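Dear colleague,

I am passing on to you the structure shown below, together with a summary of what was found in it. Please keep it to hand as you read the notes that follow.

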Amino acid sequence: MSTGIKARRWLGRHALHIYGVLAFAYIFTPIAYVMVFSFNRPARSNLTWRGFTLENWTNPCNAPDVCNALGNSLKIGVASTVIATVLGTMVAFALARYRFRGRTTTNLLIFLPMATPEVVLAASLLTLFLNMRVQLGFTTIIIAHVMFSISFVVVAVKARIASLDPRLEQAAQDLYAGEFETFRRITLPLVAPGIAGAALLAFSLSFDDFIITNFVSGDVNTFPKFVYVSAGRGIPADAYVIGSAMFLLAMAIVLAAELFRWRRAKNL
Amino acid sequence: MATAEAGGDLRLSGVTKRFSAFTAVDGIDLTIAQGEFFAMLGPSGCGKTTTLRMVAGLEEPTEGSIHLGDLDVTHKKPYQRPVNTVFQNYALFPHLTIFENVAFGLRRRGVKDVKKQATDALDLVELGHLAQRKPAQLSGGQQQRIALARAVVNRPQVLLLDEPLGALDLKLRRQMQIELKRIQTEVGITFVHVTHDQEEAMTMADRVAVMNHGKIEQLGAPSDLYESPDTTFVANFLGQSNLVPGTRTGTDGGYVVIESHGQKARILQSRCVPGSDLLLGVRPEKIRIQEAGDEVPTGLNRLTGGVVVDASYLGVSTQYLVRLPWGQNLTVFSQNLGITERFRDGSAVTLAWEPDHSFGLAGDAAAGVDEEAAALAAAASAPQG
Amino acid sequence: MAAIAPRADATEELPRATGRQLRTVLILLVPGLLWLGIFFVVPLFTLAGTSTQTPSGSGIPGEFVQTFHLANYWDVISEYKGHFGRSFLYSILATALCLAIGYPLAYLIAFRAGRARNLLLVLVVAPFFTSFVLRTLAWRQILSDDGWVVSSLKWVHVIPQDMAVTASPLAVVAGITYNFLPFMVLPLYSSLERIDPRLIEAGGDLYGNGFAVLRKVTFPLSMPGVVAGTLLTFIPASGDYVNAALLGNNRTTMVGNVVESRFFRVVDYPTAAALSFILMAIILVLVVLYVRRAGTEELV
């Protein structure tokens, strides 16, 4: 067999893997860029490379407002995640467990916010707040974030409940657990990973939201808003530090969870 | 938990379950004695599982009542009745250890020495060493035994088993059948076992109820059901049967005489239904196959003019398919004793059997038989070519 | 007939809630639905209302009166048809690119990744863990005309020497594609993952050729994922304005940009509201047509 054919065979077999490497390189390019530039020597803007420094990382709150905006984002993220997760989980249980009149309408009401572009959600909420003369700020941001997160929570939790074997709950009842005990000892622990996943999703949606937040935030600054607004006059390297740190933190959490799962699977 | 004093038989009276348009269980009356190993046998959709679920409290009967001794449990919740279930596919709680699975019912009932009882139950199924594992770490057979321990540990009055061996491979299933029987004898609890595997029902149960279309077709000891089926459904669902249509022509001593295509045969009166249109039934292993023209001992039923159309060697026996002059095929199992030569395709043969092994059923052969079986019979009896 | 077995009541045969259960259902549903009712449905009506208002004549910016002035819609359509055209053109292009890039990736993760599956899925959504705006800005730097990416692409003649990438429609489409790629990959993956690998082996057994199997077996079976992925990409992309604002120029603006500027720079709520309304209406119509055409009801 000639080496040409061999090479072609090899390429054919590994084409998909090569593609995968390229695709992930593409996905990680801007992330790498952000991380690299978080070590750039500070100036008014952070566009060209001026040299390596750890200064930004040791003092990330150096630039005015950046940590304030981050704090707001975290507060809003936690509050809206808690509310959206509780409300969405409740709706998910009703939809996954019972047949009732208005089920179709409920499903539609859950689906529509996901099928509406953010800018429309933002514009319509803003007209409501303007008409009602509501003061824009933390409350209106949280209201908006809960509104667009609920649907995602419902979908995620509902899928988890639907994947439960109904016989597990029947078995619990057969083994003398009343309805509440069954829920507490069987249903809830088994659905919990789904709820946790939904909460993580809700938090990341809230934390990263710019469009809707921009419309309903009034004077309150959030991290995405801070970055967008300062894009014109130059983003401080501190923002890159925060962006990188959030990324590393999230990856660390996810990887730790994954490692834990692998370890448990290996102990089988 | 309901009081344990209710002790006694499990009684179902006129129990019916309808799902919108479909009647799954149709007025069942049944009494299962305390300590009995009872099996409900039937094809899927016959209502056996629904019946079981009503006893467990997982479905509510549309009509009728269910009693445990003097206790009316018809409308009691599953957790209010002294009944436990071994679920199909076991339904072990995946997030709890084996020990906690077994201890679950004990804890809910507030039993004191949970540890000892749960450990004993695990020892009963010989899996005490796996107490700290999670269900996913166990093999199918082990999971099955844990499901059994989890139910038995509560000492229910009735233990329900919903196709408990369905997911196991053949060898393991035979092993577990013996195991189940041992445990039942050891704990003395009433077992109600639902299955579609006739061999499983027959080897384990004291009595078997054969169900079809939501009704009990026949109920009795396995040997009674096999030797004298009441209906064509039972005759065909439990093992194989040869059913030859004929008409009643009279009696001879204690026997009914039936004529079929000019040949006569006798059936014990006690084993024959009334009516003139009959089906003469005989099990394949009861039939002797002889070369045509050989002397048939007197007193035997016989059918002459048969031709062997297929002979399958099965090791312990040979299965012949014999075509009768009117085109019907009968099945004959002949033990391979090694005394006589086996017949080949095309051999002319006579079939003979003890009249006491005949049974007489009503109607035509297709009635009550699965459509599939009827189609098979039709295909088999179609003229060759 | 086996439908009577317990498995059935898990899915279609849910119990109809009665009496006490109905109360439970109500308690579970009301808070969430009320939230969506007040902050999603009602605002759509106020949006519709605002879209037909006209200036009050008092001269104070931001003061409008309800006059049911439907002509607003005609004015908006004739004035901004170019923006609508760009919004849909860019988002359709980006959706197609996402599908082209995402399908092999989802396929790789679903069938070739083994135990690394979950890890790779996390890597796909990794961009979500950095800020959306920050990522987009990073692309602006990476794709700048004097940056090494564009220079090297020009050097190997992938793109013409005189082409400008900075602040071009190309950059906008590239940005949208990048930002919404995970929305495409995840649903694709989940429907590919559900395909029994034996079906693909059987396809290989019967068709032989890998491409034929992909076209005749794998792709049709992954249709629900394709539909869900394209919708999840297209819908947010068509309403996006961040990419156009950060990566484009003033000739690449989309409907979202106009809505934003009508709200915040020129205080002209009716125009912004009418634009939003039309955008939503067009998307709904497109989605319904598309779903009919693709013949699947599985949206979420």
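Chain C of this predicted model has an average pLDDT of 84, and 93% of its residues score at least 70. Within chain C, confidence is highest in helix H1 (residues 20–51), at a mean of 93, and lowest in helix H5 (residues 148–155), at 76. Residues 1–12 of chain C remain under 50 in pLDDT, and the model has 19 contacts beyond four places in sequence for them. Where pLDDT is low, the predicted coordinates should not be read in detail. For the complex, the predictor gives an ipTM of 0.88 and a pTM of 0.81.

As regards chain A, an unreviewed UniProt entry lists "transmembrane region" for residues 16–39, 76–96, 108–130, 136–157, 186–207 and 239–260. In the model, residues 16–39 of chain A are 92% helix and 0% strand, with their end C-alpha atoms 35 Å apart. Residues 108–130 of chain A are 74% helix and 0% strand, and their end C-alpha atoms lie 27 Å apart.

Turning to chain B, UniProt (unreviewed entry) gives "domain: ABC transporter" for residues 10–238. This span of chain B is 36% helix and 27% strand, and 25 Å separates its end C-alpha atoms. Strand S9 (residues 207–212) of chain B pairs with strand S10 (residues 215–220) of chain B in the antiparallel sense, over five bridges. Val208(B) has Gly220(B) as its bridge partner in S10(B). The hairpin of S9(B) and S10(B) has two residues between the strands, and His213(B) there takes a positive phi near 50 degrees.

Yours sincerely

Methods: Residues are numbered from 1 along each chain as its sequence is written. Chains are lettered from A and ligands numbered from 1 in the order in which they are written. This is a predicted model: local features need pLDDT of at least 70, side-chain atom pairs count only at pLDDT 80 or more; totals for chains, interfaces and linings use all residues. Side-chain values use heavy atoms; hydrogens and water are left out. UniProt positions are given in the numbering used here, feature names are shortened, and annotations may be inferred rather than shown by experiment. Helices (H or I, at least four residues) and strands (E, at least two) are DSSP runs, numbered from the N terminus. pLDDT is the predictor's confidence in each residue, from 0 to 100. Contact means heavy atoms within 4.5 Å. Two strands pair if DSSP finds at least two bridges between them.
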